[in-house]
Amino acid sequence: MARSNKTLEDILDVIFYDKPSTQEEIAERLGISRRYVTQLLKPLIEEDIVKRSYVIDLNKYDEVYGSSNPIFNSKQHSAYFLIENMLKNMAEHVKKEVQMSFDAILNNDEKMAEEALELDFTTNNMFEKVRSSVETVVNIDPHSKLSKILLFNEAAYNYERIGDYSGHIAKFVINEKTPVDEELLDILKKMHKYAQKSISYATDAFVSEKLELRGDLMDTEEKMHENQQKAMNLIAKQMVETSFDDVEKSNYYIYISRVIKSFERMGDISVEIIELAAEFHRDIPRPTTPRGFR
């Protein structure tokens, strides 16, 4: 028996996610007649693919209709687009959080830093939303064709980690009253720019399958590490000129070193996201060796 048209896909989509109790509910959600819903579902109900009250046996669906280009192929399924958009919004939000945290340093603005930390609460909630959505899909359908959707969880977790490092930058402004000197600030401006570029490259690779951006990301990573080294060398030079008795200044160097490390880690995490993208889109396994040991 041949598959029905696109409207059947819409009907199955409603059943899959909205768990309707009646055909009237399906018809109402799609703006079509109940009779048309009945007409399309009848063969699937007769073959015990769609069960009352409206559950889809996906394994049986594949047995009857075959597995080539199935309705529930991960890249065609609405779950894919829904969670993909959630992830894209999360990435944009994290970039905003990083920007606000660094703007707080540029302006030595404690209030702005506190607002950046408030954005991190939203970042955490966005991660939970992605995680919950993925779990819902997997619980409803543990079918192998949607197994890759679990990688969305890992990508969202990585964005949450970037948000956490952004929090370290904001906390520097709150905990330290000493503004960053101009020479070091110039290096931090470059690191911030490279961090934002890295996040953008990683997001485009995961969401839009632009895996060719890996080379650009790795070039940006190299520049990030070069500037990290410059910043740490400058701090070491400044520490030599500081008295051991100056506890406040010593604490400043500890906290500003965390800011530098935070930008560097944002770049590293972006590389992890692009490696996830390669696995998600091209089935290229991620390296098992941690990046720091490669």
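Trainee: How many helices and strands make up the secondary structure of the chain?

Mentor: The secondary structure comes to 10 helices and two strands, where helices (H or I, at least four residues) and strands (E, at least two residues) are DSSP runs numbered from the N terminus. Bear in mind that this is a predicted model, in which local features need pLDDT of at least 70 and side-chain atom pairs count only at pLDDT 80 or more, while totals for chains, interfaces and linings use all residues. Residues are numbered from 1 along each chain as its sequence is written, and side-chain values use heavy atoms, with hydrogens and water left out.

Trainee: And in what order do the elements run from the N terminus?

Mentor: They run α-α-α-β-β-α-α-α-α-α-α-α.

Trainee: How much of the chain is buried?

Mentor: Of the 294 residues, 45% are buried. The word buried means under 20% relative accessible area, exposed means over 50%, and partly exposed lies in between; the areas come from the Shrake-Rupley method with a 1.4 Å probe, and for residues only the protein chains shown count as cover.

Trainee: OK, switching to charges, how many salt bridges does the structure hold?

Mentor: The structure holds seven salt bridges, a salt bridge being a side-chain nitrogen of Lys or Arg within 4 Å of a carboxyl oxygen of Asp or Glu.

Trainee: Why would such side chains pair at all?

Mentor: Side chains of opposite charge can pair when their charged atoms come close.

Trainee: Which residue forms a salt bridge with Arg161?

Mentor: The partner of Arg161 is Glu272, and their closest N and O atoms are 2.9 Å apart. This pair links distant parts of the chain, since Arg161 is in helix H7 (residues 150–175) and Glu272 is in helix H10 (residues 247–282), 111 residues apart. Arg161 counts as buried at 16% relative accessibility, whereas Glu272 counts as partly exposed at 21%.

Trainee: What about Glu209, which residue does it pair with?

Mentor: Glu209 forms a salt bridge with Arg282, with 3.4 Å between the closest N and O atoms. Here a loop is tied to a helix: Glu209 sits in the loop between H8 and H9, and Arg282 sits in helix H10, 73 residues apart. Glu209 is partly exposed, with a relative accessible area of 28%, and Arg282 is partly exposed too, at 45%.

Trainee: Where do Glu24 and Arg34 sit?

Mentor: Their side chains meet in a salt bridge of 3.1 Å, N to O, with Glu24 in helix H2 (residues 23–30) and Arg34 in helix H3 (residues 34–46), 10 residues apart. Glu24 is partly exposed at 44%, and Arg34 is partly exposed at 41%.

Trainee: Back in H10, is Glu264 buried or exposed?

Mentor: Glu264, which has its place in helix H10, counts as buried because its relative accessibility is 5%. Its side chain is joined to that of Lys261 by a polar contact of 3.0 Å. A polar contact is a pair of N or O atoms within 3.5 Å; within protein, one must be able to donate a hydrogen and the other to accept it, and residues adjacent in sequence count only if both atoms are side-chain atoms.

Trainee: Now the surface, which residues form the positive patch?

Mentor: Lys190, Lys193, Lys197, Lys223 and Lys230 form it. The elements giving two or more residues are H8 and H9, and H8 gives the most, with three. Patches are made of residues with over 30% relative accessible area and no salt bridge, where like charges are joined within 9 Å and nonpolar side chains (Val, Leu, Ile, Met, Phe, Trp, Tyr) within 5 Å. Lys and Arg count as positive and Asp and Glu as negative, while His and the chain ends are not counted, and the place of a charge is taken as NZ of Lys, CZ of Arg, CG of Asp or CD of Glu.

Trainee: And which residues gather in the negative one?

Mentor: Glu212, Asp216, Asp219, Glu222 and Glu226 gather there. Glu212 lies in the loop between helix H8 (182–208) and helix H9 (214–240), and it is exposed at 59%.

Trainee: Last one, what is the phi of Asn108 near?

Mentor: It is near 50°, a positive value in a residue other than glycine. Asn108 is found in the loop between helix H5 (78–107) and helix H6 (110–140). Asp283, in the segment after H10, has a positive phi of about 60° although it is not a glycine.

Note on methods
Buried means under 20% relative accessible area, exposed over 50%, partly exposed in between (1.4 Å probe, protein chains only).
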